[in-house]
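The following exercises are to be worked through with the sequence and the model at hand. Each task is followed by a solution in steps.

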Amino acid sequence: MNNGVVDPMLEIEDLVHCYGAVTALNHVSVSAAKGEFLTILGSSGSGKTTMLRVISGLEMPTSVRRLRIGGQDVAHLPAAKRNCTTVFQSYALFPHMNVVENVAYGLKIRKVNGPDALKEARRALAMVQLEGKADRRISQLSGGERQRVALARAVVTQPAVLLLDEPLGALDERLRQDMQIELMELQRSLGMTFVYITHSQEEALTMSDRVVLMSHGRIVQSGSPLDLFDRPESRFAAGFMGYENILEATLVAQDGTLGTVEFPGGLRIRGVVTADGLKVGGTVAIAIRAERISPVSAEAPESVEATLTNRIYRGKYTDVTVATGAGPLRLRSWHGVGSETEEIRRVGWNTTDAVIFAAQ
Ligand SMILES: Nc1ncnc2c1ncn2[C@@H]1O[C@H](COP(=O)(O)OP(=O)(O)OP(=O)(O)O)[C@@H](O)[C@H]1O
């Protein structure tokens with residue numbers, strides 16, 4: 001089994017890892033295709049680092065049915081024999097070596113001769129736009145440059161899978177955003193399989209082909225960035241992906257993926273059912289992003305009467321709260337709608353912007 005992934009470079013099946021009484025990974029299966037940018041996303045303690053440590057061989061799992069890298073069974077291989085390399089948040093560069101020596105190091109320990117290793121290292125430095133700084137000391141580099149050296153050092157050995165453990169975590173916001181793009185471009189140009197871990201949904205959505213969302217050692221949902229952003233299948237996924245409005249109601253009808261929910265006062269709204277096994281008559285949750293809701297003047301298919309309760313100008317956008325028959329709703333407007341003088345009587349959205357899943 002490889003979770004439907006064609007040509008997998010990484011296959012993990014039924015992985016369990018416990019630290020004493022703590023179950024850090026609870027029957028996890030995940031695969032990454034050749035050339036895929038796979039992101040493991042989750043909050044602190046969800047098991048991301050443990051997963052990376054098990055893949056790289058730094059941690060021997062409690063049990064695993066299958067663990068393969070580049071088609072090779074590595075479950076019992078030591079870290080040094082696995083065809084993967086890790087880039088750490090701390091970079092782990094050698095301060096007593098200059099930049100090019102740092103990059104060549106991995107090749108030298110793989111017995112590539114000195115001149116060839118240095119040539120390859122310079123090529124890798126060119127890929128990360130650092131060829132001009134090959135002879136500098138690590139202490140003479142900025143945070144972003146250190147990160148690029150760490151990347152060059154990792155890709156130069158051409159591992160089947162590159163593991164990245166929150167590699168941009170130490171950089172400031174602006175640099176982090178630039179590095180996200182650089183990293184993505186590097187990955188695409190190399191065609192290498194990247195397994196990237198982060199707690200940042202924005203980072204995951206920007207860079208990945210596929211995102212695996214984890215909570216408490218389990219995979220909660222996996223799919224394309226768009227799937228996770230627009231089609232969360234649970235309250236946890238919706239909350240983690242930043243849905244501002246998550247309301248409880250009764251599911252009163254379901255026709256395929258179109259569901260209708262009713263609030264205690266009798267107000268009904270429709271949405272897309274993303275979860276399996278919901279029962280008509282049962283309590284469900286319905287979620288809508290604040291930026292998908294806007295004031296509407298006339299009755300629209302998905303609209304509700306609303307009374308303004310709060311309006312906060314936040315520079316780039318305005319946050320508005322209204323009271324409705326569905327409860328308080330938050331709206332976010334990016335283009336000045338909702339000015340001080342505008343009255344709000346109704347708010348609306350597209351049916352497909354509302355998602356329905358289990359209440360818990
Ligand atoms: N060496 C250890 N001994 C005992 N428990 C551990 C150890 N390492 C991790 N854990 C526990 O295992 C669980 C998963 O930890 P892990 O570090 O894999 O999570 P994470 O998602 O990477 O978190 P973070 O983003 O904070 O690094 C947590 O409950 C953590 O406290």
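Two residues are in contact if their C-beta atoms, placed from the backbone, lie within 7 Å. The structure is a predicted model, in which local features need pLDDT of at least 70 and side-chain atom pairs count only at pLDDT 80 or more, while totals for chains, interfaces and linings use all residues. Residues are numbered from 1 along each chain as its sequence is written.

**Exercise 1. Describe the overall architecture of the protein.**

Step 1. Among contacts between residues at least 6 apart in sequence, 65% join residues at least 24 apart.

Step 2. Count the secondary structure elements: the protein has 8 helices and 20 strands. Helices (H or I, at least four residues) and strands (E, at least two) are DSSP runs, numbered from the N terminus.

Step 3. Locate the domains, whose bounds come from an automatic or database domain assignment. Domain 1 covers 8–230 and domain 2 covers 238–358; their C-alpha centres are 39 Å apart.

Step 4. Consider burial. A residue is buried if 20 or more other C-beta atoms lie within 10 Å of its own, exposed if 12 or fewer, and partly exposed in between, with C-beta atoms placed from the backbone. Of the 360 residues in the protein, 38% are buried.

**Exercise 2. Which element gives the most to the shell around the ligand?**

Step 1. List the residues near the ligand, that is, those whose C-beta atom, placed from the backbone, lies within 6 Å of it. Among them are Tyr 19, Val 22, Ala 24, Lys 48, Thr 49, Thr 50 and His 199.

Step 2. Assign them to elements: β2 and α1 (48–56) each supply at least two residues of the shell, and α1 gives the most, with 3 residues.

Step 3. Sort the shell by class: 3 residues are nonpolar, 8 polar and 1 charged. Here Ala, Val, Leu, Ile, Met, Phe, Trp, Tyr, Cys and Pro count as nonpolar, Asp, Glu, Lys and Arg as charged, and the others, Gly among them, as polar.

Step 4. Just after α1, Gly 57 takes a positive phi of about 95 degrees.

**Exercise 3. Is Lys 111 buried or exposed?**

Step 1. Lys 111 is found in the loop between α2 (99–109) and α3 (114–127).

Step 2. Lys 111 is exposed because it has 7 other C-beta atoms within 10 Å.

Step 3. Although Lys 111 is not a glycine, its phi is positive, about 70 degrees. Most residues other than glycine have a negative phi.

Methods:
A residue is near a molecule or strand if its C-beta atom, placed from the backbone, lies within 6 Å of it.
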